[in-house]
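Please look through the chain shown here before reading on.

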Amino acid sequence: MKDRKASLNLYSPCDWKAVERHLTRMAAKGWRLEYVGHACWHYRRSAPAAVHYAMTWLPGLSAYAPEPTVEEADLSELCAAAGWQKVCGWGNMMIYANDQPDPVPLITDERLRLQNLHAAMKKGSLPGMGVVFGVSTALALLLWPIWAVSYRTAPDVTVLLAVCALGLPGIWLLNYWGWYRTARRAVEENRPCPVNRAAGWLELAWLAAALCLAGRYLYQEWFSDPRQFWYSLCFMAGLIGLGFLGDGVRRFLRENGSSKAGNIAAALVAALVCAVALVFALQLLFPA
C-alpha cells in the first residue's frame, strides 16, 4: 500500500474555500497534505480524521528563501497559539491545519484578508500573466501576416493558438481586476470577502487549450512525419521534466538553508545544464 501520492492542483489561490474543502475531504479519506509541488498536491497516508484547513498570504514570502523566514516563523507561532499548525507553503501563501472540532477562524478580518491576497497576487500571478499577455500581443502584431496565412491553411490550430496566447490570459486579467473591485466594495461594506471561483476555471481552461494545441500538433506530425512526432514528444516530455526537476532543486535547497540568491542561482544553473543535456540527448536519439 502506498504511503504517499500526488494529484494535479486544479485550484486557484483566489478560491481559498475550495482549496480548504478539498484538503478537508482528503484528510477525511486518510490523506494529509504534505507539500505543494510543481502544479501538484503531495499527500501522505494517515488515519482518517476531521481536519480543518485554512490559507493565508504572506506577500513578502519567497519560494526561494530559506525556511522558515522570520515573518513566516512569527505567523506560525501566532497561529499555533490558536491551534493552527503550519502544513506547508504554496508560493507566497501558507496552509495551516487544525484538528480541533470547532477551531477559531484563522482570519477574521476580511479587509486584511483581501489586502494580503492582493499584495501576494501582485508579486506572483499578476506580473506573470501580464508578461504572457504582453509578449503574446507583441508577437501577434509582429507576426500578423504569418498568422493570416496560417488561418487560411489551418484555422483550427490558429484559433486555438490565439486562445492560448491571448484570449485566456487577457480574460484572466480582466476577471481578476473585476473580482478585486467587487471584493474591495464588499469588505468596505463589512461583508465577507467573496472568492474568485472563475480564476481557477480559467486556468484549467488555459491548460486544456494548451494540451489540445499540443495534441493537435502531435496528431499532424504522426501522419506527416513520424520521426518528427517522436522528436516533438520527447522534447515536450523533457520540458515538463525540467519543470519538475527545477521545483525539486528549489525545494531541496530551501529546506537545507540555502540563501535566496544561492537558491535562484542554483536553480538557473540546474535548468541550463539540464536543457543542454536534453538537446544533446535529442541529437543522439534523432541524428540529422
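Of the contacts in the chain with a separation of 6 or more, what percentage is accounted for by residues 24 or more positions apart? The figure is 67%, where contact means heavy atoms within 4.5 Å. This is a predicted model, in which local features need pLDDT of at least 70 and side-chain atom pairs count only at pLDDT 80 or more, while totals for chains, interfaces and linings use all residues. Residues are numbered from 1 along each chain as its sequence is written, and side-chain values use heavy atoms, with hydrogens and water left out.

The chain has 9 helices and 6 strands; these are DSSP runs, numbered from the N terminus, with helices (H or I) of at least four residues and strands (E) of at least two. Along the principal axes, the C-alpha atoms fill a box of roughly 65 × 45 × 40 Å. Of the 288 residues in the chain, 35% are buried. Buried means under 20% relative accessible area, exposed means over 50%, and partly exposed is in between, with a 1.4 Å probe and protein chains only.

S76 lies in helix α2, residues 70-81. Apart from neighbours within four places in sequence, S76 contacts W84, K86 and Y96.

Next come two helix pairs. Helix α3 (residues 110-122) and helix α4 (residues 125-142) have axes that come within 4 Å and cross at roughly 40 degrees. Axes are lines fitted to C-alpha atoms, for helices over the stretch in contact, and angles run from 0 to 180 degrees between N-to-C directions. The two helices α3 and α4 are therefore oblique to each other, since angles under 35 degrees count as roughly parallel, over 145 as roughly antiparallel, 65 to 115 as roughly perpendicular and the rest as oblique. On the α3 side, H118, M121 and K122 meet S125, L126 and P127 of α4.

Helix α8 (residues 226-255) packs against helix α9 (residues 260-285) at an angle of about 155 degrees, with the axes 9 Å apart. That angle makes α8 roughly antiparallel to α9. The contact involves residues of α8 including Y231, F235 and L242, and residues of α9 including A266, C274 and L282. By class, the residues of this contact are 15 nonpolar, 3 polar and 2 charged. Here Ala, Val, Leu, Ile, Met, Phe, Trp, Tyr, Cys and Pro count as nonpolar, Asp, Glu, Lys and Arg as charged, and the others, Gly among them, as polar.

Aromatic rings are the last topic. Rings of Phe, Tyr and Trp (its six-membered ring) pair if their centres lie within 6.5 Å; planes under 30 degrees apart count as stacked, over 60 as edge-to-face and the rest as tilted. By this rule there are 12 aromatic pairs. In one of them, W177 and Y180 have ring centres 6.1 Å apart and planes at 85 degrees, so the pair is edge-to-face. Both residues lie in helix α6 (residues 155-188), 3 residues apart, about one turn of the helix. W177 is partly exposed at 40% relative accessibility, whereas Y180 is buried at 14%. W177 and Y180 also belong to one aromatic cluster with W172, Y176 and W179.

Another pair is Y219 and F223, with ring centres 5.0 Å apart and planes at 65 degrees, so this pair is edge-to-face. Y219 and F223 are 4 residues apart in helix α7 (residues 197-224), which means a separation of about one helical turn. F223 counts as exposed, at 59% relative accessibility.
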